[in-house]
Amino acid sequence: MKAIEWIDGRVVLIDQTRLPGETVMLALDDYLEVVQAIKEMRIRGAPALGIAGAYAMALAARQIEAPDMGTFLARLQEAAQQIAGARPTAVNLSWAVQRTLRVAKAASSVQDVAKTLLAEAVRIHREDEEANRRMGQLGAELVPSGSALLTHCNTGALATGGYGTALGVIMAAWEQGKVTKVFATETRPFLQGSRLTAWELAQEGIAVTVIVDAAAGYLMSKGEVSCIFVGADRIAGNGDVANKIGTYTLAVLAKVHGIPFYVAAPTSTIDLSLSGGQAILVEERPAREVTHVGGTLLTPEGIEVRNPAFDITPCNFVTAIITEKGVVREPYNQELRRTVGHGNG
Ligand code: MRU
C-alpha cells in the first residue's frame, strides 16, 4: 500500500481522514490542492509530508508560467513558502521543499526545472522507503524475544514513503518472531492509532491491541509493556523529540517503570539548526478535532479547547534514536552530529 504516488502527472494519495471505513483516492494536479490536503491531514506523518511537499513542488514547477528563469524561480519560491507552511512542526516538509528548491535553482532552463524537480521528488520518496527498511533492521536488534511493544500515533506505510519508521521496526521485529503483541494507543483526538495503526497492523497479520491513551500507564505498571517505539516530527540537535501529543507522557511513564523508550526517525527528521526542543514550533489544531467525532458533538457547545498536536520529549527520556545511519545514544549533542554528518538538508 502506498500513501502517495506520482501517476501520470498527478499526485495520487489515500485520503487518510476516511480510513479505515473507506479507501478514497485523491488525484491532485494543482499544488494548492496538495497544500490543502496537507492542512486537512488527508496525508500526514512527517516523512509522508516531506514526500507530498516534494511532489507539490514538482506540480508547481509545471503550473508556473514565467517569461524568464528569474521570474520563474521567484514564483517557485512563493509556492515553496505556501507548501512548507502548510504544517509547521514536521521538519521533513520544509526539508524536502528546500531540497527541491536547490535543485530548481541549479537547473539550466525552465523546461529543465520541471523534469529535474520531479526526479528529485521521486528520489526523496525512494530514499525514505530505503531508510525505513534500514531502520527496521537496526531497530529490530534492540527488541528482546517475547516482547510486547507499545506504539503511539501512526508511523507506518501511511505516514512515510513505505514500510514505516517506528512501525517498520515493529514489523521487522515481528517478522523475526520476537514480538508477542503490539499495543496501539488510540491517539486522541485524530485517532491515528485506532484508525490507521490498527488497520495497518491488522492487514499485516500482526497481533494488535488498541488501548485508550490513558491506559498506557496502567499497562506499564502491570509489567505488560516491554519497550516503546515512537516516531518523530522533528528532533533538535540535543536529541529533544517533537512527536504526536501524548508522546511526552509515555516517555515519562516509561522512565518511571524502567521501560526502554525508543524513537525511530530518518535523518531528514533531525534539525541540527535547533539546539533544543523549546525552539520547535508546536502546531495547534482546530478545536473541532477535540469537540467532535464525525458530526457528533462531545462537549458543551462553545467550550474553550486547547489542541496542541505535538509535544516535546526531553532527550534524557529517550533511550536511543534509531536512524537509517545507525542507532544514536547519549550524548545526543555529539552523537547526532556525528551520525547525520554535516549538511543535512
Ligand atoms: O499529526 P500527524 O498525524 O501528522 O502526526 C504524526 C506523528 O506524530 C508521527 O508520529 C510522526 O510524524 C512520525 S511518522 C513516521
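**Interface between domain 1 and domain 2**

About 2,600 Å² is buried between domain 1 and domain 2, and carbon and sulfur atoms give 56% of that area; buried area is the accessible area (1.4 Å probe) that two parts lose on being put together, summed over both. Arg44, Thr89 and Asn132 supply 24% of what domain 1 buries against domain 2, more than any other three residues. The model is predicted: local features need pLDDT of at least 70, side-chain atom pairs count only at pLDDT 80 or more, and totals for chains, interfaces and linings use all residues. Residues are numbered from 1 along each chain as its sequence is written, and side-chain values use heavy atoms, with hydrogens and water left out.

**Domains**
- The domain assignment (automatic or from a database) gives domain 1 as 4-133 and domain 2 as 141-340.
- The centres of the two domains, taken over C-alpha atoms, are 25 Å apart.
- In contact (heavy atoms within 4.5 Å) are 27 residues of domain 1 and 33 residues of domain 2.

**Salt bridge**
- The count between the domains is 1 salt bridge, defined as a side-chain nitrogen of Lys or Arg within 4 Å of a carboxyl oxygen of Asp or Glu.
- Arginine 87 forms a salt bridge with glutamate 283, with the closest N and O atoms 2.9 Å apart.

**Elements on the domain 1 side**
- Helices H2 (46-63), H4 (91-106) and H5 (110-140) each supply at least two residues of the side of domain 1 that touches domain 2; helices are DSSP runs (H or I, at least four residues), numbered from the N terminus.
- H5 gives the most to this side, with 6 residues.
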